[in-house]
Protein chains: 2
Amino acid sequence: MATADRVEKPSDKFRSPQSRNGVVQPLLTDMYQINMAYAYWKSGKMADVAVFDLFFRKSPFGGEFTIFAGLDECIAFLQNFRYTKSDLEYLACVMDPGVEKPFFEYLSQLTTTDVTVMAIHEGSVVFPRVPLITLEGPLIVIQLLETTLLNLVNYASLLATNAARYRLAAGPHKQLLEFGLRRAQGPDGGLSASKYAYIGGFDGTSNVLAGKLYGIPVKGTHAHAFVSSYSSIDDLHNRELRHASTGALHDLVSISETYRTQVCELLKILQSEASEGEFAAFCAFAIAFPSGLVALVDTYDVFKSGIVNFCGVALALHQLGYKPIGIRLDSGDLAYLSNTVRTLFGQVAIKFDLPWFEHLTIVASNNINEDTINSLNEQNHKIDSFGIGTHLVTCQRQPALGCVFKLVEVNGQAKIKLSQDVEKVTCPGKKTVYRLYGSDGRSLIDLLQLSSEAPLSVGQKVLCRHPFQESKRAYVTPAKVEKLLKVYWKDGAVQQEMPTLLEIRDRVIAALASLRQDHKRNLNPTPYKVGVSDCLYNFMHELWLQSAPIGELF
Amino acid sequence: MATADRVEKPSDKFRSPQSRNGVVQPLLTDMYQINMAYAYWKSGKMADVAVFDLFFRKSPFGGEFTIFAGLDECIAFLQNFRYTKSDLEYLACVMDPGVEKPFFEYLSQLTTTDVTVMAIHEGSVVFPRVPLITLEGPLIVIQLLETTLLNLVNYASLLATNAARYRLAAGPHKQLLEFGLRRAQGPDGGLSASKYAYIGGFDGTSNVLAGKLYGIPVKGTHAHAFVSSYSSIDDLHNRELRHASTGALHDLVSISETYRTQVCELLKILQSEASEGEFAAFCAFAIAFPSGLVALVDTYDVFKSGIVNFCGVALALHQLGYKPIGIRLDSGDLAYLSNTVRTLFGQVAIKFDLPWFEHLTIVASNNINEDTINSLNEQNHKIDSFGIGTHLVTCQRQPALGCVFKLVEVNGQAKIKLSQDVEKVTCPGKKTVYRLYGSDGRSLIDLLQLSSEAPLSVGQKVLCRHPFQESKRAYVTPAKVEKLLKVYWKDGAVQQEMPTLLEIRDRVIAALASLRQDHKRNLNPTPYKVGVSDCLYNFMHELWLQSAPIGELF
């Protein structure tokens with residue numbers, strides 16, 4: 001396409017110095033966090049040390065896996081966390097007038113230096129109830145980070161998971177392009193979508209600013225309006241194109257016309273029915289991008305007009321030493337159309353003895369979602385590249401991931417959050433998270449244990465328990481043990497080399513490849529097991545009983 | 001609440017100088033727009049003048065009305081439209097290397113000075129197929145604006161419509177608060193949500209940055225973590241509160257304890273079952289915000305713990321000259337809980353002879369959507385204030401509005417976009433849009449006519465036709481005629497006084513009030529009629545026949 005294939009990584013000078021052009025500032029939070037901070041401060045809890053877990057309870061889209069994303073932005077947020085003078089003036093203006101002035105002094109000094117962040121690597125496959133991020137440090141500071149971290153992780157992980165599901169559906173060899181900017185939830189909804197779709201396995205985006213800020217390949221050709229803006233060949237003030245090798249000027253229009261006549265005869269199509277405006281538009285585009293022609297062929301009629309106009313211009317480009325790329329379909333029955341177009345391309349390939357013509361790229365971009373791709377697969381579609389917009393970027397099937405942020409310990413004392421809904425009861429205390437692997441290299445289970453327990457080791461027989469169902473338990477003897485939570489932020493400094501987008505994207509591909517197929521399948525996937533150690537099980541249930549007084553029947 | 005009720009409009013100094021902290025820049029567009037611009041430029045179409053309409057085809061959420069929003073941001077975008085040197089360097093780096101250098105020169109000079117924008121007022125009630133914005137000017141420039149304008153209008157209108165539907169469901173007197181930041185689609189998804197929820201009829205947001213940038217009232221009290229971070233009254237390093245009138249220091253904790261004992265007796269609840277940590281947390285919050293106590297009462301058990309702890313502290317606050325605000329419920333059966341809590345408040349009111357106690361505010365905030373509110377209404381809930389998050393901000397029921405941007409005229413020649421799907425055929429040519437009103441002041445129909453037709457006037461009998469169904473037509477004699485499209489941008493300058501958020505919000509309220517009830521109802525609403533003039537009908541169908549050649553049956 002007439003695009004940026006060549007330049008995978010524009011120079012770093014275009015990158016955003018801080019994620020999101022500085023939108024992520026400490027005031028991007030809920031008011032109650034600030035009010036709680038004041039109440040904590042008033043009751044003298046400035047020195048309280050807390051541990052919070054950030055996790056979700058159910059994988060999205062009816063699936064059984066989630067891609068964890070957004071960590072890079074979380075760490076950038078922590079690095080830059082500081083209330084400005086203007087922020088504090090604003091808070092003083094909207095908070096209760098009784099709020100004491102020294103509180104704003106106190107806020108002005110707050111940083112995240114005393115916060116330690118443990119996190120799973122961005123781009124990992126993750127599962128319900130496993131802490132993705134654990135924060136330990138001053139209660140007040142961590143409380144003030146909650147909303148922003150949830151915001152940064154929720155949509156990023158949701159979108160990356162959605163993109164990964166499209167990638168699984170389409171298979172590894174199809175091109176997937178994110179085309180959703182116009183329908184995204186706000187300007188930055190569009191930017192985030194482009195970024196996390198790329199991480200999840202897309203190949204590029206239509207969003208130019210995302211390309212500029214994040215170095216993602218940008219793609220795109222033309223719209224229906226481009227085609228209909230040309231009424232006839234007279235609208236074309238420039239008909240000439242230089243031969244790719246000789247440099248000699250040729251009249252692309254008349255060469256294309258000659259070929260088009262031959263194609264019409266071959267395909268038994270009335271040339272008079274082909275739109276002259278569309279033909280002019282394709283010529284114009286070919287003159288501008290002789291090596292990048294992807295023609296949108298459905299403005300009038302795919303077969304009577306679009307395909308013959310495209311073939312005429314494509315053959316002319318070939319004669320002048322260029323190779324056309326293909327066509328785009330933006331409406332209709334994509335399985336039928338792609339198959340028929342492929343057949344017609346085959347006829348042209350034989351007629352003109354150009355075998356590559358049969359394999360020209362077919363791009364499809366009409367309101368496609370994961371189910372569409374699965375259905376197209378069943379119908380043996382011949383599409384090479386999908387442009388996916390609304391359903392991808394808004395995550396139409398489930399537009400929010402429900403990550404939560406739960407207090408699990410204060411001043412060394414474990415905390416449990418009870419709920420009528422057992423699944424919502426939290427796992428108390430500061431924990432270590434292990435991923436245990438079988439001898440085939442596949443992961444078997446994620447296991448949470450109290451951080452005070454002895455570390456797990458390879459070959460050790462471990463009792464893994466279901467966190468809520470007493471009778472569900474199993475022994476595992478792992479062939480490999482991976483500690484999932486790594487220290488990412490400590491003593492005011494980043495503790496890991498932060499990966500590039502491309503590295504995170506590669507991690508997603510590797511992580512999905514190592515996940516058992518039955519966890520990934522579209523229909524009724526098998527839940528991946530997440531267990532707790534026997535010690536954590538007992539600790540949790542004891543605390544539960546302590547916290548829930550015996551009621552009276554009435 | 002301990003919030004910003006008092007300050008509806010913080011000083012303008014906090015406002016964002018440009019919407020969205022400068023994210024809305026010309027590169028926030030699809031790559032194909034830039035590629036088309038180059039192809040237009042190469043084929044000499046720099047002087048072509050085009051007219052484009054921005055409209056949608058179906059109102060969202062199964063409804064029959066839409067609130068138009070986002071115009072202010074569109075106009076700000078036009079005002080600031082200019083490619084920077086860095087933008088052009090980036091484009092030169094990612095576009096085909098064959099793209100000629102003078103094209104970037106040309107782009108560097110582009111402004112929107114020659115574009116005229118006609119638009120419907122932001123905050124208006126609008127309907128399918130009616131152009132919300134019409135742009136006339138250089139084809140290339142308008143094409144370059146398309147994606148950004150769609151992005152700015154789509155989510156803004158969707159969200160404002162969603163918010164307006166919640167407002168209709170809740171009725172005019174309930175407080176509606178937007179609590180969605182943590183689940184929004186990215187940081188700016190959250191900011192846009194807060195802004196357009198306010199326009200659509202919400203009273204405030206939890207999003208502090210939205211408050212700072214847009215002057216929206218911010219609200220919020222405390223979370224479950226606040227409650228569970230206190231284990232007992234010993235965690236409270238400060239127990240004292242000054243009497244509101246005398247200024248004398250009192251021990252809030254012991255006064256609250258005394259009252260709590262009385263409340264337990266009154267309500268026949270075992271005091272030993274009430275959580276001491278929760279009691280400490282409520283005391284801490286009351287000491288920090290003695291005039292702003294809204295207690296989250298469901299961390300342990302609403303009746304056995306939350307309500308008695310709250311009543312104890314609330315009565316103590318009263319004794320010290322303050323008025324508590326109320327409670328928040330964040331789980332469970334909200335109809336049942338709110339009714340029971342109201343009854344208990346009534347018992348306390350009688351016992352302590354404090355009639356206002358019965359009317360304390362009950363806030364509810366558990367995963368609420370439009371259907372929940374309708375169902376709560378049927379169950380005679382006693383909730384005064386709703387905090388609404390995920391469903392509102394992600395528009396879960398339909399997360400994208402399908403606004404499109406269609407070419408309707410080039411160089412004075414009308415253009416029609418055909419489609420297999422009749423409803424997708426566009427209405428060609430530059431048009432005038434009228435809203436015709438009956439003698440009762442209600443609008444009857446929106447009528448599109450060609451801009452070359454004579455203006456409509458009051459009392460004139462007009463034939464209104466369905467755009468696609470020949471037999472559907474009706475005469476209307478309007479008692480009032482309103483031209484919906486106003487010139488907003490011309491000769492490089494804003495042509496209207498741009499309204500404040502509050503003015504737009506007021507327009508939404510007025511517009512919905514004047515819309516007939518059957519168009520607004522939740523179940524099977526009546527479609528509002530949008531017709532075309534007889535002249536436009538004939539013009540459109542003639543062009544349609546011309547553009548669609550007679551096929552051959554096969």
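Which residues of chain A does UniProt list for "domain: Nicotinate phosphoribosyltransferase C-terminal"? The unreviewed entry gives residues 430-539 of chain A; such positions are in the numbering used here, feature names are shortened, and annotations may be inferred rather than shown by experiment. This is a predicted model, in which local features need pLDDT of at least 70, side-chain atom pairs count only at pLDDT 80 or more, and totals for chains, interfaces and linings use all residues. Residues are numbered from 1 along each chain as its sequence is written, chains are lettered from A and ligands numbered from 1 in the order in which they are written, and side-chain values use heavy atoms, with hydrogens and water left out.

Over residues 430-539, chain A is 22% helix and 35% strand (DSSP runs, helices being H or I of at least four residues and strands E of at least two, numbered from the N terminus).

Chain B can be laid on chain A with an RMSD of 0.0 Å by a turn of 180° and a shift of 0.0 Å along the axis, the copies being superposed by least squares on the C-alpha atoms of residues with pLDDT of at least 70 in both. This is the relation of a two-fold axis. The same surface serves both copies, as 100% of the contact residues of chain B recur in chain A (contact means heavy atoms within 4.5 Å).

Between chain B and chain A there are 6 salt bridges, each a side-chain nitrogen of Lys or Arg within 4 Å of a carboxyl oxygen of Asp or Glu. A:Arg182 and B:Glu146 form a salt bridge through their side chains (3.0 Å, N to O). Helix α1 (residues 31-42) of chain B gives 10 residues, the largest share of the side of chain B that touches chain A.
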